[in-house]
Amino acid sequence: MVTLNDILEGVKAYHPEADLDIIKHAYEFSAQRHAKQTRRTGEPFLIHPIEVAMILVHLKLDVASIAAGLLHDTVEDTHVTLEEVEKEFGPAIANLVDGLTKLSKLSFRTSREKQAENFRKMILAMAKDIRVILIKLADRLHNMRTLEALAEEKQQRIAQETLEIYAPLANRLGISWIKSELEDLSLRYLKPDMYYRLVQQVAKKKKEREKYIELVRNIISEKLSQYNIHSEVSGRSKHLYSVYKKMEKQHIDFEHVYDLIAFRILVETLPQCYETLGIIHSVWTPVPGRFKDYIAMPKANRYQSLHTTVIGPYGERIEIQIRTKEMHNIAEEGIAAHWKYKEGEINKYDEERFKWLRALTEWQKELKDPSEFLETLRIDLFDEEVYVFTPRGDVKEFPKGATPIDFAYAVHTDVGNHCVGAKVNGRIVPLKYKLKSGDTIEIVTNESRHPSKDWLDLVVTSRAKAKIRSYIKGQEREEGAEIGRSILAKELRRGGYSPTRYLTSGHLTEAAQKLKLESPEDVLIKVGYGFFTPAEVIRIFLPDFKHAEAKKGEREEKSGIISKILQGTKAPLSLRKDAIAVKGVGQVLIRVARCCTPLPGDPVSGFVTRGRGVTVHRADCSLLLSHDAERKVDVEWSETRELRRNIKIKVICADKPGLLMEMSNVFTSNSINIANARVRTTHDKKAINIFEVTVSDASQVKKILKQLEKIEGVVSAARL
């Protein structure tokens with residue numbers, strides 16, 4: 001167990017002049033306030049802030065950060081106020097605690113909206129003071145280390161959030177050891193059978209691997225010393241999550257992961273990095289296409305290193321990283337490696353290193369839809385990049401998979417909106433072309449060209465997606481407003497009132513204020529989309545307005561688009577009437593989206609279509625994000641009826657006898673019917689199986705996937 005003395009000794013080791021009294025006072029303050037509290041593990045609550053503070057010591061953070069780590073739960077979980085913290089410790093520490101308190105319930109949110117709102121707060125807090133997210137990462141890391149005390153469902157939700165948000169954040173900040181540990185811990189709870197299988201398989205070859213590492217280390221050290229290059233050579237197994245991702249990506253099992261060992265060579269100067277690379281390639285044959293120069297073109301988090309894969313002793317593939325000691329400090333410590341201490345204060349971090357954070361801060365203001373915002377967050381934290389050139393030779397960085405449309409929007413919104421094609425290295429390419437590092441891109445535009453929804457399938461950057469959606473939604477808003485204006489005008493005429501008088505004056509402004517909408521246009525849109533009846537709106541500025549009966553043969557348009565849906569259609573429902581409910585709307589035609597096939601138990605959202613009712617999507621469906629948020633409605637599953645639907649499950653496994661029968665037995669033992677099955681084998685002795693099965697809810701699917709992954713020889717099982 002970590003003690004206060006461990007924390008103090010750790011701080012003195014890297015900051016001898018630190019004011020340790022502040023840390024002691026924070027410890028005593030926290031100990032008193034948390035004295036009677038315990039964690040889910042049964043341990044005293046104080047253990048948590050102490051462990052968080054020790055993680056911050058490993059990051060070599062300043063006294064204020066460590067004190068805030070000790071205090072971070074006091075305002076949220078005790079009767080302590082922020083004013084008390086400021087009185088005891090000053091405004092700097094109080095501000096850090098305040099930033100963390102706003103985020104403290106992040107782990108326990110269940111709704112997508114609340115989760116998105118908490119992430120917005122986190123981004124704003126870290127933009128103001130980057131130390132907030134570093135303390136939050138330490139908090140999340142210790143929570144992940146002690147996650148076994150929670151219920152399984154909660155473990156998986158927190159682990160998924162950690163894998164999607166916090167591990168990429170640690171990577172963006174350049175703190176590789178936290179990123180790796182968060183990924184491994186996430187894998188442990190998301191895919192426990194795979195995790196423990198990998199642990200056993202790695203342990204089996206431990207002695208053999210250590211012997212091999214020593215052999216390679218000696219060869220490299222001796223060879224470099226011949227050229228008077230002083231170096232530190234180390235070897236290690238790749239962390240479990242990276243092994244798992246390689247298995248999943250290449251559809252291979254553990255036995256076929258050949259570059260399991262990675263070596264790191266630390267040299268003294270930058271020229272020696274390239275000299276060392278040449279020596280390594282003269283000793284062992286390099287694997288084509290596996291060399292990356294992150295020194296000449298650093299990653300977004302300023303990571304620098306040379307990466308190469310060679311065929312080492314006994315024909316084993318080994319990955320080698322070559323860097324200076326300074327580069328290594330940056331790679332391991334990230335932003336903390338840039339901080340210099342003077343009188344206990346921390347210098348302002350280099351803003352250029354974190355332009356991605358400024359971009360996130362801007363996007364969170366524009367993206368109101370929670371699902372869209374969360375998707376943007378994941379995209380911007382994506383850690384694989386390509387580097388391309390403008391015609392002037394400027395370098396631009398994009399996520400892997402970016403296309404010329406992404407490049408066009410990075411140049412300017414108008415360039416993106418009018419993009420018709422691109423030249424890559426002087427040759428015309430289609431808009432779906434995937435950019436490659438080193439490409440020179442030139443965009444061709446045409447003023448008559450405008451974005452289409454199809455572009456959303458081609459772009460990967462949040463900027464491009466946001467701009468395309470903005471244009472499309474603008475068009476849809478115009479259409480919705482026009483429909484709403486037409487409906488209101490018709491209703492006014494029926495009541496004997498002049499549409500010109502009431503729709504062109506301040507009456508719509510009055511209606512917007514009463515309905516708590518931002519503008520008169522929003523009133524028209526809400527009517528057009530059926531969220532308000534025309535009579536509801538008109539009575540705001542004409543209290544005595546009486547709804548006029550429609551003339552015979554004339555269909556009454558009382559609630560815009562949704563009213564058209566409610567017009568007693570005889571088309572068969574895709575869902576039973578009581579399987580799902582649309583909040584705030586009566587009986588309505590409901591269909592399940594084929595793109596994501598939602599099941600009871602899945603978080604869902606509805607989208608109002610024209611003439612075809614409400615389409616129900618999974619809340620995280622990427623197609624749903626391309627639609628206008630104004631046309632989304634809240635929907636929820638009913639608990640009164642069981643709904644059975646066909647879904648597809650993809651299983652990748654070794655191509656060996658008996659596996660198909662074992663997989664079939666999983667479905668049979670769970671009383672699940674296999675409606676269809678397709679199996680194909682690959683050249684590398686793998687089998688790809690697509691099962692179409694009939695299930696009742698999302699929990700049943702999770703159970704099946706878990707059982708399938710327990711089968712020896714199965715690489716992955718996933719719902720399509």
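My entries follow, grouped by topic.

**Entry 1: the model.** I am working with a predicted model, so I keep in mind that local features were taken only where pLDDT is at least 70.

**Entry 2: aromatic pairs.** I began with the rings. A pair of aromatic rings is described by the distance of the centres and the angle of the planes. My search returned nine aromatic pairs.

I looked up Phe29 and Phe89 to start with. Their ring centres are 5.4 Å apart and the planes meet at 85°, so I noted the pair as edge-to-face; the angle cut-off for that label is over 60 degrees.

Tyr212 and Tyr314 came next. I logged this aromatic pair as tilted, with 6.3 Å from centre to centre and 45° between the planes. Tyr212 belongs to helix α13 (residues 206-226) while Tyr314 is in the loop between β5 (306-311) and β6 (317-324), so the pair ties together parts that are 102 residues apart in sequence.

**Entry 3: a charge over a ring.** I went back to Phe29 and looked at what sits over its ring. There I found the charged end of Arg33, 4.0 Å from the ring centre.

**Entry 4: salt bridges.** How many salt bridges does a search of the whole structure find? I got 14, and I followed up a few.

Glu9 and Lys12 join their side chains in a salt bridge with an N to O distance of 3.2 Å. Both are in helix α1 (residues 4-14), three residues apart, which is about one turn of the helix. An α-helix has 3.6 residues a turn, so residues three or four places apart point the same way. I recorded both partners as partly exposed: Glu9 has a relative accessible area of 41% and Lys12 has 38%.

Lys136 and Asp139 make another salt bridge, with their closest N and O atoms 3.2 Å apart. I placed both in helix α9 (residues 131-145), again three residues apart and about one turn.

Arg719 and Asp602 form a salt bridge whose closest N and O atoms are 2.8 Å apart. Since Arg719 is in strand β23 (residues 714-719) and Asp602 is in the loop between β15 (590-592) and β16 (604-608), I noted that the pair ties together parts 117 residues apart in sequence. Both residues are buried.

**Entry 5: a covered helix.** Among the buried residues of α4 I listed Val63, Ser65, Ile66, Gly69 and Leu71.

Notes:
Residues numbered from 1 in each chain as written. Predicted model: local features only at pLDDT ≥ 70, side-chain atom pairs only at ≥ 80, totals over all residues. Heavy atoms only, no water. Phe/Tyr/Trp six-rings, centres within 6.5 Å; stacked < 30°, edge-to-face > 60°. Helix = DSSP H or I, 4+ residues; strand = E, 2+ residues; numbered from the N terminus. Lys NZ or Arg CZ within 6 Å of the ring centre and 35° of its normal. Salt bridge = Lys/Arg side-chain N within 4 Å of Asp/Glu carboxyl O. Buried < 20%, exposed > 50% of the residue type's maximum accessible area, 1.4 Å probe, protein only.
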